[in-house]
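Welcome to a short tour of one protein chain.

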Amino acid sequence: MYLRNTCITQCKGSALIIVLWISFVLFLAAVFVIKSSREMIFSSEITMDKLQAQLDAESVVEIIKFYGSTGRFSFNYIQNPYLKKEGVPNKIYIDGREIKLPLGKIKMYDTGGLMNVWYLNPEYVKRFLEARGVNYKVAAIIKNSILDWYDSDDLSRLNGAEEYYYQFEAGAKYKPRNSPAVQSTDELHLIRGLTDEKNWQKIKNYLYLAPHSNLNINAMDKLMLQAVFGLTKDETANIIFLRKTKGFITLHDIGRLTGRNMDLYFDTVSNFPSLVIKLNVESKYKEAREVLTALIDFKADIKMPYKVLEFNY
């Protein structure tokens, strides 16, 4: 009888231990499931917030498409009263000023204040880089290397770069294009001198690619004014002061202030926007952030009031 009771007690003890272990395992499983669920919910929230930020950024692009195609372009801004009720200002500057919209922040640049790589003037690049502190000898190498990249022959200019330089001196696996038909702004990063990341970072945001081009003196910053006209810092400061005071400038103003002959610029430089706009958008939703860029041509034709030439996240 004693042995029987002892056996029963031991069995009950073993069963209790098993139950406790099962309960413990189930508890751990529950904790794991709860933790995983929280992580999944948190991850889903982040994804949804990111998607919302992206949708907001894309909505801003759509707003600007309408704004530019129905608005009136002036020297360095677009004027449009039709979206005022939606919180969009009736004047948006296209000289790089930051503008706050309900769904995000934007910066718009008239490409008339930048350099088109399809119509690139290597002398402008040289002056621009010098204005940004690049050594004049390095800037001259970059200028001649751009000329060699764009021309059709394989004859290297003094301090330039043709096939021999890239493949035997630089050890690159590419040749110069030997044609002005470059495929992207990033292609210029392959050119001698611009392969240097410091030099490239100084100029890359001033480059764009479009099928047509004209320069706009009212969209140029001080660096571009120096690059295009070869101005001194003092001359540039005087011109920018006049533009800020007057609201716009003309080639006549630049000639009057500097004593330079502007006749050579009348065919390539204007005081009116090019109508090709570079757009930078930044949208935030909670902790999520989305940045995109677009290049929009507002030169209307029979089929379209605008064309999106480039769109990047």
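Tyrosine 93 counts as partly exposed at 23% relative accessibility, while tyrosine 77, at 15%, counts as buried. Here buried means under 20% relative accessible area, exposed means over 50%, and partly exposed is in between (1.4 Å probe, protein chains only). This is a predicted model: local features need pLDDT of at least 70, side-chain atom pairs count only at pLDDT 80 or more, and totals for chains, interfaces and linings use all residues. Residues are numbered from 1 along each chain as its sequence is written, and side-chain values use heavy atoms, with hydrogens and water left out.

The structure holds 12 aromatic pairs. Tyrosine 77 and tyrosine 93 form one of them, an edge-to-face pair with 5.9 Å from centre to centre and 65 degrees between the planes. This pair links distant parts of the chain, since tyrosine 77 is in strand 2 (residues 77-79) and tyrosine 93 is in strand 3 (residues 91-93), 16 residues apart. To count as a pair, rings of Phe, Tyr and Trp (its six-membered ring) need centres within 6.5 Å; planes under 30 degrees apart are stacked, over 60 edge-to-face, and the rest tilted. Ring pairs also link Trp149, Tyr165, Tyr166 and Tyr174 into a cluster.

The charged end of lysine 91 sits over the ring of tyrosine 77, 4.3 Å from its centre, and arginine 97 lies over the face of tyrosine 93, at 3.6 Å from the ring centre. The rule is that NZ of Lys or CZ of Arg is within 6 Å of the ring centre and within 35 degrees of the ring normal.

## Salt bridges

Side chains of opposite charge can pair when their charged atoms come close. How many salt bridges does a search of the whole structure find? The search finds 17, where a salt bridge is a side-chain nitrogen of Lys or Arg within 4 Å of a carboxyl oxygen of Asp or Glu. Arginine 97 takes part in one with aspartate 95, their closest N and O atoms being 3.1 Å apart. Both partners are partly exposed: arginine 97 has a relative accessible area of 41%, and aspartate 95 has 26%.

Another place to look is glutamate 282. Its salt bridge with lysine 284 has closest N and O atoms 3.9 Å apart, and its salt bridge with arginine 289 spans 3.0 Å, N to O. Lysine 284 is exposed, with a relative accessible area of 54%, whereas arginine 289 is partly exposed at 46%. Lys105, Glu282, Lys284 and Arg289 are linked in a network of salt bridges.

## The largest pocket

The largest pocket has a volume of about 510 Å³. It is lined by 24 residues, of which Asp95, Ala219, Met220, Asp221 and Arg243 lie nearest its centre. Strand 3, strand 4 (95-101), strand 5 (104-110), helix 7 and strand 10 (276-285) are the elements that give two or more residues to this lining. Helix 7 provides the largest share, three residues.

A pocket is found on a 1 Å grid over the protein atoms alone: it is an open set of points where a 1.4 Å probe fits, with protein on both sides within 12 Å along at least five of seven lines, and lining residues have an atom within 4 Å of a point. Grid points are joined across faces, edges and corners, and the volume is the space filled by probe spheres set on the points.

## Buried residues and the whole chain

Valine 88 is in the loop between strand 2 and strand 3. Is valine 88 buried or exposed? It is buried, with a relative accessible area of 3%. Not counting residues up to four places away in sequence, valine 88 touches Ile63, Tyr67, Leu83 and Leu101; contact means heavy atoms within 4.5 Å.

Helix 8 (residues 251-258) has the buried residues Leu251, Asp253, Ile254, Gly255 and Thr258. They pack against helix 6 (222-229), helix 7 (233-246) and strand 9 (269-270). After helix 8 comes glycine 259, whose phi is positive, near 75 degrees.

Overall, the chain has eight helices and 12 strands; helices (H or I, at least four residues) and strands (E, at least two) are DSSP runs, numbered from the N terminus. Buried residues make up 39% of its 313 residues.
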